[in-house]
Every structure is written in C-alpha cells, then in structure tokens.
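Here are some exercises to work through with the model in view. Try each task yourself before you read its solution.

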6 protein chains.
Amino acid sequence: MRLNGRSPIELRPVRITLDYIKYPEGSVLFEIGNTRVLCNASIVNSVPTFLEGSDRGWVTGEYSMLPRATHTRKSRESYGRVSGRTHEIQRLIGRSLRAICDLKKLKGKSVYLDCDVLQADGGTRTAAITGGYIALMLACSRLVGRGELIANPVMDPVAAISVGIQKGTCMVDLDYEEDSSCDVDMNVVMTGSGRFVEIQGTAEQSPFSVDEQKQMLEAAAEGIQALVRQQAEALQKAEL
Amino acid sequence: MRLNGRSPIELRPVRITLDYIKYPEGSVLFEIGNTRVLCNASIVNSVPTFLEGSDRGWVTGEYSMLPRATHTRKSRESYGRVSGRTHEIQRLIGRSLRAICDLKKLKGKSVYLDCDVLQADGGTRTAAITGGYIALMLACSRLVGRGELIANPVMDPVAAISVGIQKGTCMVDLDYEEDSSCDVDMNVVMTGSGRFVEIQGTAEQSPFSVDEQKQMLEAAAEGIQALVRQQAEALQKAEL
Amino acid sequence: MRLNGRSPIELRPVRITLDYIKYPEGSVLFEIGNTRVLCNASIVNSVPTFLEGSDRGWVTGEYSMLPRATHTRKSRESYGRVSGRTHEIQRLIGRSLRAICDLKKLKGKSVYLDCDVLQADGGTRTAAITGGYIALMLACSRLVGRGELIANPVMDPVAAISVGIQKGTCMVDLDYEEDSSCDVDMNVVMTGSGRFVEIQGTAEQSPFSVDEQKQMLEAAAEGIQALVRQQAEALQKAEL
Amino acid sequence: MRLNGRSPIELRPVRITLDYIKYPEGSVLFEIGNTRVLCNASIVNSVPTFLEGSDRGWVTGEYSMLPRATHTRKSRESYGRVSGRTHEIQRLIGRSLRAICDLKKLKGKSVYLDCDVLQADGGTRTAAITGGYIALMLACSRLVGRGELIANPVMDPVAAISVGIQKGTCMVDLDYEEDSSCDVDMNVVMTGSGRFVEIQGTAEQSPFSVDEQKQMLEAAAEGIQALVRQQAEALQKAEL
Amino acid sequence: MRLNGRSPIELRPVRITLDYIKYPEGSVLFEIGNTRVLCNASIVNSVPTFLEGSDRGWVTGEYSMLPRATHTRKSRESYGRVSGRTHEIQRLIGRSLRAICDLKKLKGKSVYLDCDVLQADGGTRTAAITGGYIALMLACSRLVGRGELIANPVMDPVAAISVGIQKGTCMVDLDYEEDSSCDVDMNVVMTGSGRFVEIQGTAEQSPFSVDEQKQMLEAAAEGIQALVRQQAEALQKAEL
Amino acid sequence: MRLNGRSPIELRPVRITLDYIKYPEGSVLFEIGNTRVLCNASIVNSVPTFLEGSDRGWVTGEYSMLPRATHTRKSRESYGRVSGRTHEIQRLIGRSLRAICDLKKLKGKSVYLDCDVLQADGGTRTAAITGGYIALMLACSRLVGRGELIANPVMDPVAAISVGIQKGTCMVDLDYEEDSSCDVDMNVVMTGSGRFVEIQGTAEQSPFSVDEQKQMLEAAAEGIQALVRQQAEALQKAEL
C-alpha cells in the first residue's frame, strides 16, 4: 500500500471535461488526481517553413505551468527564457502526437497543442500527452465533419504514464510526493495497440538494474491501457 | 437593447469560484459572461529591492492570456517579449490593488497577483482587478487568521468595469464584439467607498465630448457598485 | 501661489524651435520650463504588416530619455529591455496623434514620431505629444507642398498637459518636484476643438472623489487651449 | 553487413587523445569514426546557488557544435537562443556524469564539462558522455594528486551508445547516415557495473514493439562494455 | 580644393556649448560642421565589479545615435541589440579617455561619458572623443572644486580626428559625403602632448601604401593640435 | 632576448594542418606557438540582403573561443550576448579578407569564415586572419576546380601579426604573457604585396610617440612577410 492508499499499479481518479474552452477546435480539461492540465488543440492553415511545399502537415506541442500551479510560486517563463525542462517536455509532446498521426492527411495544416498546467501534483507531462490526444482527436473529428479534412489523420490512440521504483516496489502514476522520493523515474508513451513511442528513464540518484527496467516497462504498459479505455469513453460522449 | 439582449447598464452574469487552485494563499476563478480569469494571490516573505529595509510591503500583478483564450490562437508571449499591452495591464492591476492596501501592514511581505485569462470575451483587465481583489482579500484574511499578519492590510474593496459609447448610447461591461465596435472605450477602477483609483479613457477612433465623458463615468460608477456587492457575497461564503 | 511662483493654472514658459535637426521631414525642439524634448517626424513609404494592402497609412511614436536627462543617471534602455513605462508612453503618443489624423490621406505611408527627452523636469510625455503635433504638422505640410501627399491628413491640433491635486489645490503643468508630491496625477490629451482624446488619471496614493475629477478635467482643458495657441503661432512662422 | 562494412554490433574505431588542450584540469579529444568531440573538464571552487551552504558539489555539462561540424553550415547558437535539442543534450550529459559521482566528495567545487563537437558523424551526445567521463576522471585524479580533493568522487565508469533498428536489424553506434534512415533510435547510458543511467528511446517514425525494445537494450549494453574497456586503457596511460 | 570649399587640411567650424544640460557633472554640446554630439559626463560613487577593492576608479563611454540623426531613419538600437559598430565606438571612447586619466585619483568613482549624436554628418566618433574630453574635464574640475576629488585625474588633453585619401589627396575631418567616397579611412586619437592613443586605419576598398600611411598620420596630428587649442579656449570660459 | 628565448623580431613556430575537418570547402588548423585556431571556410549560394540583386558576393567572419581555451574557464557567449571584443574581432576578420578579394567574382555567393579558438596564448585574432586566408584560398581554388566559380576571387595573400613595445623594445608576435605586460599593443594586417589593410594601435596604458609608431609598423611588415611565405608553402601541398 502506498502513502496515498493506492496499490502499486493503481492510477489516480481521472476526470475529463470536453469543450472546457469554447474557441479551440478541440479543448479538454484533463485531471488525474490533483494534476489539472488544460489541453487546447488549434488547427491553422499553414505549416512550418521546413514543410512548405511538401505533402505533409504538422503537429506540435507547447507546455507551460501557471506560476502558482505548484506549492510555491515559480517565476513566469514569459519573463525570461524557456527552461531546458520546458523545452524537453514540449518536444516530447510533439513527437508523441506525431507518432500516431498520418501527417499526409494534415497536408497544409498545423495542429498546435497548448498544454497549460493549472495545478500540478506530479505527472504533468504525461497528463499533457494523455489529455492532448483527446483534444487532438476532437479537433480532427470536427474538421472531418465540417469537410475541412478529407480523412482523420489520427491512426491510433496514444497515452503516457510515469512509473518509478521506491524501496524495491514498482509503482505507476506517481504523485508529486512519490516522484520526489523515487530512486528511479521513467516516463513511457505508448499507443493503443501496445507499441512504444517513447521511453525516458532517468536514474540520477542511483542507476537501475536490467530487471528493474523490465518491471517498470510492464507496469507502465498496463497503466497506459487503462488510460486508453478512459480516453475512448470520454470521446464517445463528444458532440461532433 | 443591445445585440446580446442586455440593457445599456446591465452587467453580464458573474460567477465566482473560491479556492479553484489548492496551493495559493488566495485563489479565485472569476467569470463574467464568457470571460474567465484565474486570479491567484501568492504571499511571499520578501520585498522588491527598492523596498528592502523600509517599513512597507508590496502588491504587484502579472497578467497573461493562454494562447487559445481568443477566437484565433495568439503566440505565447513566453517565446518573445512581453507586449506593450500586457505591460500596461500588469501595471494597472498592481496600482489598483495597492491603492486599497495599507502597505505598512504588509511589511516584509509581497503579494503576487497572477491573473491568467483562460477564456476572453472582453473586459479581461477589469475582470482581473475585480477577481484579483477577492483573491487578495482571501489571502490576507487567511494570513491574519494564521497569525502571519497582525492586521489586514486591505482597507476598502476595489472593482473595475469597462464602459463605452456606441452610436450615442453609453453601455457598461462591453463584451468583445461591443468593444470592437465602440467609438470610445473607458476603463474605470473605483473603490467600494466610491472614489476613483484609475480612469483610462481612449478615443483613437473619434475624440469624445465633455458631456459623453460625464455619462460614462456615471454609468461606470453604478456598475462598479454592483460588482462590489457580488464580491462581498462571495467572500461571506469563504472558509477562512 | 506655488513653490515656483506660478499660479495654480499658470503654465511654464514654452519655447519652440522649428527645424532643429536638418534631416527629418519635421523637426521641433520643444521646451516647457526645464523640460526639453526633441520631436522628429520621419515619413516613410511603407506601412506596418497589418495595414499592407489597406487604404490607410499609419502614425506611431517612439519615446526615449537620454541617460542623464534626469538628476541621477539612468541606464540606457538600449542595454536591456524597454520598460513598462516607456511602452505606455509610446502607445499614448501614437494613439494621440492618430486620433487627429485622417489615416486614409496617408495611404501607403507611415509617420514615425521620435520623441527624445534631452532634459526632464516633469511632463515629458505631454511635451512629447504637444511638440510632436508640431513636427507632424510641419512634415505633412511639406509633403503636401512637394506633391507627395494629395491632402493634409491632420484634421485638428492636439496637445496634452498634466494636472494634479496637492493639499486640495488643483494645479496644471506639474514640474518634477510637484509631480512627486501630488496625491493625484492626471494626464489629459485634447484636440483644438475641445474634445478628449485620452484621460489617464491615477491615484495610487489616495483615490480621488468625483468632484476632484471634475476640477482637474476643467483645469486641463483650459491649459491645453493655451498650448494650442502657442502651437499655432509657431507654425505660422514655419518655412514650408 | 552494414553499408559501412561493419557488423550489426561492431563499434566504429575509437581514438582517445589525452591532454589535447593544456589549460583544463582534464582534456580529452574523443573520436569515434568521423565523430570528433573535444571534452574539457574545468573544476572551479564554487557551487551553484541552490547548493550554497550544502555538503555537496556539482557536475554540469555544456554541449555545442561548431558551425561547420556538419555537412552544411549551421548558424552559431551564440547569435540566438540555445535550441531545445542542445538543452536536452546538456541536461543528459550532466545527469549521466552526476550519476556516477559521490557529490559530497566534491563539496564546494563544481565541474564544468564542455563538450564541443568539432566534426559530427552521428552519436555526438553519446561521444560527449563517453569522452566526458575520461576528462572528468583525469581532472579528479589530478586534484586528488595535488591534495585539492581528499578522495576521488568518481565511483564507477560511465559510457553511452546509440542503437537503432533498420529494416528489422538492430545495430549499435549509428553513423549519421544510418541514424537518418533508422525507424527507431535509442540512446543508452550505462555504468561500468552494468546498471542503466538513462534510456531514451524515441520512435517518431514508427512505434516499436516490446520485443524490439529488448533487443536494443541488450545490444547497447554490450557496446557500452566495449567502450568502458577502451576508457580504462586510455586512462592507464595518463600522466597524473 | 574640396567640394565643400575647404582646403585638404582645413577643419570644419567648431562650436562648443558648455552646460547644455543642467543635471550632469559635465555637459557639452559639441558641434563640428553639421555634426552635433551631446556629451554628458556623470560621476558616480561606485566602480565596476572587477575594480571593487582596488585603488583605481574607472572611465567608460556610451555612444548612441538618435534615429533621425541621419538622412534616413534608422531603427533605435533599444529595440534590438547593440550593433558591432556601436560596440567598437563605445570601447574606443572609453579607452581614449582612460589613456589621459590617472585612474588612481578617481579611486572609488566611475565616470560615464554618454555621447548622443543628435545630428550626424561624418566624424561622430571623433567628435564624441573631442567633446567628451571637455565634459570630462568640466566634471572633474568641479568635483575638485567641491572637495569630492582631492586632485584632478586628467593629465593631458585628448582629441580625435578622421583623415582619408581620395584620389591621391590626403584630407582631414571628413564629412559624410567625403567619408563615403574615400579609398582609405583612418581615425586617430592623440594627446595634447602629441602622443598617439589610438590609430585605426581601415582599407576595405583598397589597401594603402606605407607612404600614404605616413601622410595621413602627419595630417591627423596637425588637425588634432588645432582641436586641442579650441578645447582649451572653451574651458577657459567655464564657470567652475 | 625575450623571456621565451625569442629575439625581438622572431615569430613563434607555425604549424598548418590542411583539411582538419572534412566537410567545409576549406578547413585549416592554424597553430602559432600554443595558440591554436580552427579556420573553416564555408561557401553558400546566397548573399546578405543588402547585396541581393547586386553583382557582388560577400566574405564574412565569425570568431569564438571555446570556454576553456584560456587559463581559467570563461562563460560561453552562447548563453548571453556577444561581447564588444568579439564583435570587433569578427568585423576585423571580415574586412581583412574582403580587402584581398574581388567580390564580383563571388557574385551570388557568400563565404563564412568560422574561426574557433581551441587554445589561446596571445594573437588569436591575427592567427584567425592568417589561417583564415589559407582556408579561404583552399575553398575558392576548389570551387574553381569544380567549375562552381569561373575565376578565383582571391587577388593577393593577406596575413596579420601583433607587435608591441615593452620597456623600449619593439617585439613581434606577442604571446599571452608579453601581451599582458606591454605598454602598447598594435595589430597590423597587410597584403602579400606589402600594403596595409588595417592598423589598430591602442595605448590605453601609455600613449606612444611618433617614433615608436614607425618602429612597430616596420617590424610588423617584416613579420607578416614571413607568415606569407609559410602560407604559400602550405598551399603548395594542398590537394585541390
């Protein structure tokens, strides 16, 4: 049993609010435990310079935390430079969502996925991906419905989860307190069909064995399939 | 009658959610019509350099819009410089809240009021001030309750509203569409006791007469008193 | 009587030097008391991106203080970022001058009004507007004379003044010392025909009553008409 | 057989030049195939702010490519902002080297590991880590020799390698051409004692199966042990 | 005879206005022909970090052009980065003035020499040095007079001039038109006692011979002595 | 005799490695004593904006020091702004190489000369020019060989050297220690045919006499001719 009463492989409760903001093509307020991320998908009729004239569209992510999303206030990155951590997370979100899209079906269009963390209690980057998929799917489905896209570019669901090892126990979906005290921390992104998109394991505190690595990847895979089911349920209720 | 069915002096419906975020000393989700601003007040035990060693504390505001708070996506200011408009609004929020505080009672402390616009439909800066006051009051009351402040520095409520003239009619609380089509646009900040804190009238399109100026200030004063009553009601329900 | 011997509604002496710099289309050294602002109007054959292809031209202002325009040296903003105060003033100058121009008559052209404060003793932003109008008028008249503009876009003079209340007395054209000790500080921009372009009243120290607001606006209106007369006299002597 | 004649698990030839630059505490020119990275370790008597007063020292990495390290010239990052890719690599280098150090033995000191890529042909970040370890070890050993460190903070060797899958074949130590054509790309950092420090697998092009993941990790582990042997040989010849 | 009627070694008329701005310790409006530079010397009671705790003070220069000091408007550097040209000029001004000061007599103090070009017609950097010397001397003399400096740190006058070769003729004090059409352009800084402080000769268009170099240095030396006499005359009239 | 055993006019040993990096059109590792500069010439098919549509190409230089090229580590300029010193050196390199090129023969092309200092022991800017010429010549000769340039734009060799006066003795090619203790420091750039391209003499410590100036220029001229001979020898061995 964990401090918060969960079993090692138990996720926190998930709450998915569709259309939280009325302007974006797809908008989702994604909550898992106390982590609350607003995922807005905006589709525009242009592509980055390096794709101009090609047959492909683009999907990119931006990630930001409100200054008081955390226990103590952090300075707004808008007043300085974007940190290395933010850069890494933004690139991760973009890669994860492009991995499940047929970019040719987005030809001439770009999707901006803005993931703004309103409240943070661990797992904000994985929440951004899991919620971001729903916003992306909403946006694409609606554009197909309105005839602005011929076919839906989304090929497979994608979701993400954190997993860690603390005193020999492998646990999924770490909250902030667990995350801070884990020896190893891994973020895993996986498709609905069970293939890996990203594995990011980091062991600054103490390197981990081959065996521990195997345990973590198995637990992550299981947790991700549970999230994929919740994504599907929420999308069934969407007004398209 | 206006396009949206309101009478010239009728405000949009207001919704005030206390403690929307769990970490800040004071947190309020302030909604007026479709405008939705998250106001978080953080109190820290330090003051800006120019006040170090003095007998006063400080109150300052930061304002930001999420990229898709508006009809079309705007680039995040974090990737460039803060615009002149943002600068102006932040300074206005800070001045408005300092005007009703006895800064000596905040000695050694600073309040950061983060106003993040989740959804924008006109009047975001006045909503930030009106909601910001509630967050500030919540935060200060709690610090008094916990003995971290000896006395509450807040001396008087403060609220703000926009007012404009369109085809000869003076209207309060403009939504985005009205704001875009008005000839004159004025933002007024006023205390609960009916004194002006700020008057910012701008007539880029067509200068206004002395008479029109008088009408606008009167209408604004009335609208602000209505907001002050709603602030008070919300605060009565707060758990301190 | 004020400390400097002026009556409450008495302006400081004004000195207007036309063609102070030989290159700009319009150049004016505007002095009011010890405040000395160099206003240069440059007209270029292009418009900002957002006006390309439209039927309108543009007027914009830039404002800067030399590092030693003040009692103590201030760091040059060129070595950091432009401050919020500078941003506000630049936007005010631009709006004030656009308010009296028919921008269609400037189609395809932009006016840059550079206001550089050589010596500051209060009222630099209002001096920039009052002197800026003269430089703008000079520049436009000359372009009409040379056939580069079909008609003069300037429709009405514009001038600006500060007004404040100190110990119950309402005074116009505050110098630096008065400005620092006033309870309320208002900047008013008005056309030659007596209509308001901007009212910016700020009462960080102590909010002001409806009555005080009325007194200040009346005094400002009177002062501005005196400035408009001096602008006209100077322009009569211009070599066009 | 690969295009370059190597077998799937064969590394490119490694060349290690100790003391390439005469000023740093530790300097290594690390070459693997055509990839050439200069790794300089500088030890200074100060720690970052967040460690001041603590009992720990720090190890951090910086990574940069000369503009013409690649086939076509890239703009120098010094003329703009550091890219997300550079940020990620720098953080990876820092974490990898800290993972094998007892930071308490560095109390009051920081190691800067500057990794400058002179020539790039794939695997620059893993070369930076593998060469960086040698520079770090050289620097620490010399400081122990001179009595400036009481004990050597380095606890275990560390090395890194890339691994990928192309048309079903798993290959290690990808050169630029292979890297560009791989379906999956993974970077693995491992200690001399066979524990993982980092696993970064990315499959933007096509997600990979659980089985492929296992193959890649095994091949990486083998390649890393070969690098660790070459590090040890080079260090035996060092003049301490 | 030159286009402007001057003989090859004839300077343009010089006009020196002392105390043009009332706040700085030393203020000089220096005009040579149509070039007009405002030189303000500010003395502050602090030194740059690298001199803290030493027995020396510091003298540094800043240089800026107003946007419309030239035929066509140039963007204000405050909105971007300071250009390489500005950097070079600022460093030149600082070195030139430090060369004639005994910095020990400025212990604990720094002189900022702000050189702002109001109107530019060639030779702005040499005007900044020649005028800057007068402002520096004024400021130091006054501080000696007020007892804030024990002895005057200025040991020797310094002045600067441009010299060039056009179609075989060597000419001094080039105006903008001459400067643009010269084959070679040299800026020379020299003390009142006839020693070189700086020689900066540049021949991007066509390299120059040893003989031409000799001619230019001789002509420059003569011109500088004429400027030194005019500096002395102006300073004799100063109210100290 | 100098401290390092050299006679006053004796250069340090020079080592020139052609094709040090395999990708650039011209690559040279230039070493003089312990100073080691990597000079890479890249030729691209575009010109800066100000030359678009003209009949000329362009040559420009960039200069950077690795953080640990010096005795103590310097922060990477990529994390801040480029310093005034770097700006000056880059402009000097560009002017020096353009002075010996017929830019019309480069029509439509630009040469970027990247000079990265790996190890610094005085004279890095002059080494960058001397080595840069070789890289430029290599690159241009190869483009002529491949038919991408019709004729070689390089008209004359160019090389550079430092010269200084210490206790009355004039010495060439100063190393770091000599450079730091010299009274006067001059950098001279000269063509193979013996004409000056740049003379930059600086005497912050103590102004120098006309006589000393003559001695320094003569010694520099002699040293440069020795360097030109070594450039020619190296280029004879190039594989074109």
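Two strands count as paired if DSSP finds at least two bridges between them, and strands (E, at least two residues) and helices (H or I, at least four) are DSSP runs numbered from the N terminus. This is a predicted model, in which local features need pLDDT of at least 70, side-chain atom pairs count only at pLDDT 80 or more, and totals for chains, interfaces and linings use all residues. Residues are numbered from 1 along each chain as its sequence is written, chains are lettered from A and ligands numbered from 1 in the order written, and side-chain values use heavy atoms, leaving out hydrogens and water.

**Exercise 1.** Find the bridge partner of Ile199(B) in β9(C).

*Solution.* Start with β9 (residues 196–202) of chain B and β9 (residues 196–202) of chain C: they run antiparallel, joined by five bridges. Now look across from Ile199(B): its partner is Gly201(C).

**Exercise 2.** Trace the order of the open sheet of eight strands.

*Solution.* Step by step, the order is β7(B)-β6(B)-β8(B)-β9(B)-β9(C)-β8(C)-β6(C)-β7(C), with antiparallel pairing. The β7 strands (169–172) of chains B and C stand at the edges with a single partner strand each, so one side of each has no neighbour in the sheet.

**Exercise 3.** Which residues of α1(B) meet α2(B)?

*Solution.* Contact means heavy atoms within 4.5 Å. On α1(B), the residues are Arg85(B), Ile89(B), Leu92(B), Ile93(B), Ser96(B) and Leu97(B). Their counterparts in α2(B) include Ala128(B) and Tyr133(B).
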